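Visitor: I would like to learn how to read a structure like this one. Please take me through some features, one at a time.

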Amino acid sequence: MTSPVITVTHGVVGYDGRPVLRDVSLSVTTGEVVALLGANGSGKSTLIRSILGLVPLSSGSVTLFDRPLRRFRQWHRIGYVPQRLGAGSGVPATVGEVVASGRLARRGVLRPAGAADRAAVDAALRAVGLADRVRDPVATLSGGQQQRTLIARALAGRPELLVLDEPTAGVDAESQEAFAGALGEFVDGGGTVLLVAHELGPLRPLISRAVVVHAGVVVHDGAVPEPAGHHAEPDHDHVHPHGPDEPAGLWSS
Amino acid sequence: MELFQYPYMQRALIGALVIGLAAPALGIYLVQRRLALIGDGVGHVALTGVGAGLLLNRSPVLVAVIVATAGAITIELVRARGRTSGDLALALLFYGGIAGGVMLVGLSDSTSANLNAYLFGSLVTIQTTDLITIAVLGAAILLTMLGLRPALFAVCHDEEYARVSGLPVRTLNLLLAVATAVTVTIAMRAVGVLLISALMVVPVAAAQQVTRGFRSTMAAAMTLGLFAAGSGVWVAATADTAPGASVVLMAIASFGVVAVVAALWRALRRRAVPSAAPAAEPHEVVLERS
C-alpha cells in the first residue's frame with residue numbers, strides 16, 4: 001500500500017559554485033509525516049525547493065509520485081506552503097482570493113471557478129479556523145493568521161502531499177494549535193507531509209520520521225530526536241533571527 | 001456640450017474611454033508585482049518604433065506595437081533572470097528607446113509637432129481607422145485581463161506558488177509583457193508616451209485606498225479610469241486644454257478626492273464607534289502601503 005511519493009537520489013545543489021546540498025538522498029512514502037530539521041543555512045529549505053523544481057539540481061535526481069521531476073505534470077497532487085509570501089504588494093487581496101489561488105492547479109488557467117471550487121475554499125478556511133475572515137484583506141491579519149491563510153490555500157487544492165517550509169516560524173500559539181489541528185485532519189485523511197521545521201512544538205505528535213540536515217548532508221534519518229541542552233528546558237524561548245522578531249506580517253516586505 | 005457634436009470630438013471621447021477602461025485593468029497586475037513604472041519604460045521604447053515608422057513611411061502605431069512588444073519581452077526576460085544588473089539593463093533600454101525615437105523622428109523630416117503628438121498625445125487627431133484599432137485592441141486587453149484574472153493574480157501575487165501549481169508562469173508573464181506593450185501603444189495616441197503609466201497606475205493607486213480585495217480594486221480602478229478619461233476629455237473640450245494632460249490630471253484629482261474622503265470616513269467611524277476597529281485587530285497588524 002505504501003508507494004514512493006518523493007524520492008531524491010544523490011541530489012546536489014550549488015549557488016554560484018558554493019555547494020549547499022552535497023549528495024542528499026531522501027525518500028518519503030504514502031502516509032508519512034516527515035520533518036526536515038537542521039540549523040539555519042543547513043540546506044533544508046534548499047532541499048524542499050529543489051524537490052519542487054524551484055531550485056535546479058546540479059546532479060542527482062528527484063522523482064514525484066514515481067515520475068521524474070522534469071516530466072511531472074500532476075501538480076494538483078501537491079500543496080506547497082511557502083515560508084512567507086515573497087514579493088508583497090500594495091494591491092489589497094482578501095483571504096478568500098488568496099485561498100482561491102489554491103484551486104488553479106486543479107482547475108487550470110482557463111476554466112472559471114465553479115461550485116466545487118467555492119466549496120473547497122470554504123472547507124479549507126474552516127480547517128484552519130479562518131472561515132469568518134474570508135472577506136478581510138490579508139494585510140490586516142496577524143502573522144500567524146497569514147500563515148494559516150497560506151496553509152488553507154494549499155489545502156484548497158485537495159492535495160495528496162503537503163510540502164511546508166517552516167510553517168510555524170514566528171507564529172503565535174493559537175495559530176500553531178489551529179495549524180496542528182488542520183495538519184492532523186490532513187494526515188488522518190491519508191495525506192503525506194514533508195515539512196521543514198526549526199522547532200516542532202504542537203506538531204511533534206504528528207511526525208512519523210525526522211531527517212536532520214547539517215551542512216548539506218543528511219546526518220540523521222529516523223526517530224524524532226529528543227531536544228537536548230538548553231532546548232530541552234520547558235520555558236526555552238526559541239528565538240532565531242528570522243522568527244518572532246519579524247517586524248511585520250508575511251505580506252509586507 | 002455642443003463640441004461633442006463634432007465627429008472628431010466623439011472619436012476622441014470614445015478612444016479615451018476605451019483606454020481609460022483598459023489601462024487600469026492591466027495596470028493592477030503591474031502594480032501588484034511592483035512594476036508600476038514598467039509602462040513608462042515600454043513607452044520610451046515605443047517611441048523608437050514611432051520614429052522608425054515615420055522614417056520608413058509605415059504606420060507609426062503599427063511599428064510602435066512591434067518595437068514595444070520586443071522591448072517589453074526583453075524587459076520581462078531580464079526581470080525573470082533576476083540579475084542585479086537588470087536595473088541598469090532597463091535604464092539602457094529606456095533611454096536608448098527615447099533617444100532613438102527622438103533621433104529617428106528628426107531624421108524623418110516630420111515636424112516637431114508630430115513628435116509632440118506622440119510624446120504628449122493627440123486625441124483630437126484620431127481617425128476612424130485609429131479608433132477601430134484602439135477599440136479592437138482595447139477589447140482584447142480587457143477580455144484577457146478579466147478572463148485570466150485568477151491565473152494572473154496568482155502569478156503576480158506569488159510567482160513561486162504559481163509555478164508549483166503547474167501554471168504556465170513564463171507564458172503568463174510574457175502575455176502580460178505583450179499586453180503592456182499593446183496598451184502603451186494604443187494609449188500613446190490619447191495621453192502620449194510620457195503619460196501612459198499614469199493611466200495604468202493612478203486609478204489603481206486611488207482605488208486601493210478604500211478597497212479590501214483584488215477584485216473590488218480592479219472594478220473600482222476601471223471605474224475611476226473611465227471617469228478620468230471622460231471628464232478629462234470634457235475639461236479639455238470646454239477649457240481648451242491639452243486632452244492627454246487633462247485626463248491624467250483628472251485621474252490624479254480623483255486620487256486626491258478618494259484619499260480625503262477615505263480619511264474623513266475613517267475619522268468619522270472612529271468617533272462613532274470609539275476603539276472598535278483597532279481593538280479588534282492583533283498587535284502585529286500590517287497596514288503599510290507603498
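Guide: Begin with a span of chain B. The end C-alpha atoms of residues 12-31 of chain B are 27 Å apart, and the span is 100% helix and 0% strand. Keep in mind that this is a predicted model.

Visitor: What does the UniProt record say about chain B?

Guide: An unreviewed UniProt entry carries the annotation "transmembrane region" for residues 12-31, 88-107, 119-143, 174-207, 219-239 and 245-265 of chain B. Such an annotation may be inferred rather than shown by experiment.

Visitor: How do I read the packing of two helices, and at what angle do α10(B) and α11(B) cross?

Guide: Look at the distance between the axes and then at the angle. Helix α10 (residues 196-207) and helix α11 (residues 214-239) of chain B have axes that come within 8 Å and cross at roughly 120°. Angles of 65 to 115 degrees count as roughly perpendicular and those over 145 as roughly antiparallel; α10(B) and α11(B) are therefore oblique to each other. The crossing of α10(B) past α11(B) is right-handed.

Visitor: Which residues of α10(B) and α11(B) meet?

Guide: From α10(B) come Leu199(B), Pro203(B), Val204(B), Ala206(B) and Ala207(B). They meet Thr217(B), Ala220(B), Ala221(B), Leu224(B), Gly225(B) and Ala228(B) of α11(B). Sorted by class, this contact has nine nonpolar, two polar and no charged residues.

Visitor: How many residues of α10(B) are buried, and what covers them?

Guide: Burial is read by counting neighbours: a residue is buried if 20 or more other C-beta atoms lie within 10 Å of its own. In α10(B), twelve of the twelve residues are buried. Among them are Ile196(B), Ser197(B) and Met200(B). The cover includes α1 (7-32), α2 (38-55), α9, α11 and α12 (243-272) of chain B.

Visitor: What is the secondary structure of chain A?

Guide: Chain A has six helices and ten strands. Of its 253 residues, 47% count as buried. Among the contacts in chain A with a separation of 6 or more, 72% are between residues 24 or more positions apart.

Visitor: Which residues does Glu32(A) contact away from its sequence neighbours?

Guide: Leaving aside residues within four places in sequence, Glu32(A) is in contact with Thr192(A), Ser208(A) and Arg209(A). Glu32(A) sits in the loop between β2 (18-29) and β3 (33-37) of chain A. Its C-alpha is 8.3 Å from that of Val187(A), although the two are 155 residues apart in sequence. Glu32(A) is partly exposed, because 19 other C-beta atoms lie within 10 Å.

Visitor: Which residue has a positive phi of about 45°?

Guide: That residue is Glu166(A), and it is not a glycine. Glu166(A) is in the loop between β7 (161-165) and α6 (173-188) of chain A. It counts as buried because it has 24 C-beta neighbours inside 10 Å. Ala215(A) also has a positive phi, near 50°. Ala215(A) lies in the loop between β9 (209-214) and β10 (217-222) of chain A, and it is partly exposed, with 14 other C-beta atoms within 10 Å.

Visitor: Is Pro225(A) buried or exposed?

Guide: Pro225(A) is exposed, because 11 other C-beta atoms lie within 10 Å. Pro225(A) is in the segment after β10 of chain A. Beyond four places in sequence, Pro225(A) touches Ala210(A), Val212(A) and His220(A).

Key: Residues numbered from 1 in each chain as written. Chains lettered and ligands numbered in written order. Predicted model: local features only at pLDDT ≥ 70, side-chain atom pairs only at ≥ 80, totals over all residues. Helix = DSSP H or I, 4+ residues; strand = E, 2+ residues; numbered from the N terminus. Contact = placed C-beta atoms within 7 Å. Axes fitted to C-alpha atoms, helices over the stretch in contact; angles between N-to-C directions. Parallel < 35°, antiparallel > 145°, perpendicular 65-115°, else oblique. Left-handed = near helix turned anticlockwise from the far one by under 90°. Nonpolar A, V, L, I, M, F, W, Y, C, P; charged D, E, K, R; others polar.
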